[in-house]
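Subject: Structure handover

Hello,

Here is the structure I said I would pass on. Please look it over first; my notes on the contacts follow below.

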Amino acid sequence: MTMYAPGSVTELQAVVRESERIHIVGNGSKTALHCAVNGAAIADLSGMSGIIEYQPSEYTVTARAGTPVRELNEALRQKSQYLPFDPLLPEQATIGGTVASNLSGSRRFRYGGVRDFILGAEVVDGEGRTFRVGGKVVKNSAGFDLSKFLVGSLGKYAIMTELTFKVFPDVPRFRCLGFLFEALEDALSAIYFINQSAYELDALDLAPARSVPPINRGKKDGNWKLLARLAGFDDTLPQRVERFSAAMTGDTATIQVEEIKDSAALWNPLADLSGEFLVKVVIPPKQLPAFDVLIAHDHRRYSVGGNIAFAATDDIAQLDAALDASGLTGLCLRGAVDSAVIGVPIDNALAERVKQVLDPQRKLV
Amino acid sequence: MNRAVIEALELIYPSDRLLTRDVELLPYESDALTAFSAVPGAVVLPINEEEIIDTVRLCHQMALPFVARGSGTSLSGGSLPIPEGLTIGLNRLNRIKKLDPEQRIAVVEPGVINLHITEAAQPYGLYYAPDPSSQSICTIGGNIAFNSGGAHCLKYGMTSNHVLGLKVVLADGTVTTFGGESVDGVGIGPDLVGLFVGSEGLFGIALEITVRLMPQPELYRTVLAAYNDLGAAGDAVSMVVASGLLPGAMEIMDRLAIKAAEASVQAGYPDAEALLIVELEGEALQVGAEFDQLLDTIEESGAFEVRVAQNEAERTRIWKGRKGAFSAVGRLSPDYIVQDGVVPRSRLGEALVQINELKEKHQLDVANVFHAGDGNLHPLILYDGREAGALEKAEALAGEILALCINLGGSITGEHGIGMEKRDYLPAMFSEEEIDIMQALRRAIDPNEIANRGKMFPGGEAPALSQHGMHPLERAGLISRE
């Protein structure tokens, strides 16, 4: 297998032009995305790294695609700003890989996902051409928005070399509450209550109670825990937490409320998901009860208010079947698979037109 | 329009929904970019998605250019008819098919009026966030085609950020669906919703739209600050941002815009060179604390007068002048062009100084109203279309303003789109190769280039530059330009 490590856009263009088929990898943190490349040459973009321009006063940052998310997060943190889509694998992934696989973390709940914060990109397409898509200012509606198209595109249409994002000011303090529920349906009702309320949560995740710390007594199989995070400033946060807690106790079927020490590990939705295969599923919350029955033996967490499911399993065929039966699509992130996209195939009519234009020789795999 | 086309359309539409007589076509000859007009060959008024699909397939077979139209409020000429082409009026597809407050989503047809979604969601404490000034009349289908914005984009984004799923008919008649009811939208695979939204009607027509709804903020706090200097107001915006606040809206108006708004709606604005409106929104406790911080910042910024809305009536009054500023300017001048350029926020002051110089150079009046939070300028260039050469002079100034936006590192359009109006400026923003790629993409979807032909890309046949004065709906106070 031919391996390349281009250090510049020009080198990458040459690699694309020379290769018959080419597959892109950043830090390789999503192993399942890199196993079905069938002899294609591999271009490792982790060398094309670094922040190019960061203007805190503009709320914009531009970085090369191979930049580690960790580095970007740290630079933003120094100016009390953050990427509100909350890259899912902050310690492992590159920013290019995060965009290509559209992986947001729990804090996506507050302001939106990758698609809501990408402003523009520079790419190399399957013909080896380099060009810009989108813009570098926070608002722009000129031309077709190919920058959003790149989100989730898995490097199969064009290779991102540089990305520009909108960023937001971050808040200094976080508090986390855990609400225990007898059953999944009760926990979902609580999410629906929150959805129609004015409480502004920083994150809202749902998981089987036994899988979430602190593991304390009284939890039974079938119990679910809702993790709610509030963010804000010292002077009002305690009151807001109290108020939210009281509303939840009064208006939902929670059987126990506890404050949990806030930590990065608590808000890593993948932290407790052990299993050979790890899959992201995009799911409307109302489909969760039926889907959950089908994957009851898997480790799982329903993140972003129950809109994104992460499931870990040793039996990928069974999970694939569960997705099929539910009309859902999954993206496998970990494990050896023939195709990273499982479950119901995606309607590809419009994407295929883009492929014809950007990669007519179908080099990018 | 040739007989064969009409006969084919007659197979889809009864005579009352197939308009071909001049008197029936006249109301469709312009949109809110009133400097242009063109008479379509025919107008059809479908009542369901099957009719739209049949129509698009027919257009594809016959290579007949078409434009989809909602309420015709485009400021860039996006829904301007194609001469001898077909206009597909979508207002009758106006059903909200599903409203699910628990999941905070709505599924709607393209002819649903923007504000009607909010009205339907209000009883559940929810609203549809994008708020273009024409929201009481513009349709969601048009919002999708042009990725419409509004005053509250900085925090929650534009139309594209609020669309989760789409069913569309592409220009070659292919019907395809992407995204769904999860807030992650398309989620897996390329973000096709993101690509389709803002494609200015060149890819096809949205048939069914899933939008996300937002919880109504518990509290708004709105402040109006008056300055003796436009630059100081611009600097205040940077100071607010630097203080770590994330307001829902930050708007600036200059003296001429203030004067127009005062004459029109008597908002009671102070006599000033510039007014800044800042609005915070969110949980009451949080907003309360942030508001103290905001007032300190405004204090430091050198405002000579600061007014705080004490109740909803006062908040409405502050916004009334701002939201009505565009139509108000129409009172000062028989005609005007609205520009929509974007500059990096920190260069707002520079941009305003340069616009001022240009206005002196061209001897034209320009009123400035803008979404300062995201650097989106809306200079209104005043002219009298009855004077020979006046429109050309105004357009020359408009072109120079667009050039300065690009030079400062911005964009030629923040939320109105390229449409007919700015198509000749696309090459100033994108390279030849980038435009070639966009054209190739368009042809991969629409080999006959029939969908909204003549828009976005430079060249092509241009409709007559004829009309002047306000749009009839604007004159009636139903729509405004922003």
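Five residue pairs are in polar contact across the interface of domain 1 of chain A and domain 3 of chain A, both residues at pLDDT 80 or more. A polar contact here is a pair of N or O atoms within 3.5 Å; within protein, one must be able to donate a hydrogen and the other to accept it, and residues adjacent in sequence count only if both atoms are side-chain atoms. By class, the side of domain 1 of chain A that touches domain 3 of chain A has eight nonpolar, six polar and two charged residues. (Ala, Val, Leu, Ile, Met, Phe, Trp, Tyr, Cys and Pro count as nonpolar, Asp, Glu, Lys and Arg as charged, and the others, Gly among them, as polar.) Zero salt bridges are counted between these two domains, a salt bridge being a side-chain nitrogen of Lys or Arg within 4 Å of a carboxyl oxygen of Asp or Glu.

The model is predicted: local features need pLDDT of at least 70, side-chain atom pairs count only at pLDDT 80 or more, and totals for chains, interfaces and linings use all residues. Residues are numbered from 1 along each chain as its sequence is written, chains are lettered from A and ligands numbered from 1 in the order in which they are written, and side-chain values use heavy atoms, with hydrogens and water left out.

Chain A is divided into domain 1 (3-169), domain 2 (173-260) and domain 3 (277-343), with bounds from an automatic or database domain assignment. Between domain 1 and domain 3 of chain A, about 1,100 Å² is buried, 66% of it from carbon and sulfur atoms. Buried area is the accessible area (1.4 Å probe) that two parts lose on being put together, summed over both. On the domain 1 side, Ala32(A), Ser106(A) and Phe109(A) lose the most area to domain 3 of chain A, together 30% of what that side buries.

Now the two chains. The contact (heavy atoms within 4.5 Å) takes 72 residues from chain A and 90 residues from chain B. About 7,000 Å² is buried between chain A and chain B, with 56% given by carbon and sulfur atoms. In chain A, Lys139(A), Phe144(A) and Leu350(A) lose the most area to chain B, together 14% of what that side buries.

How many salt bridges does the rule find across the interface of chain A and chain B? There are 12. Lys139(A) also meets Asp374(B) in a salt bridge between side chains (3.8 Å, N to O).

Regards
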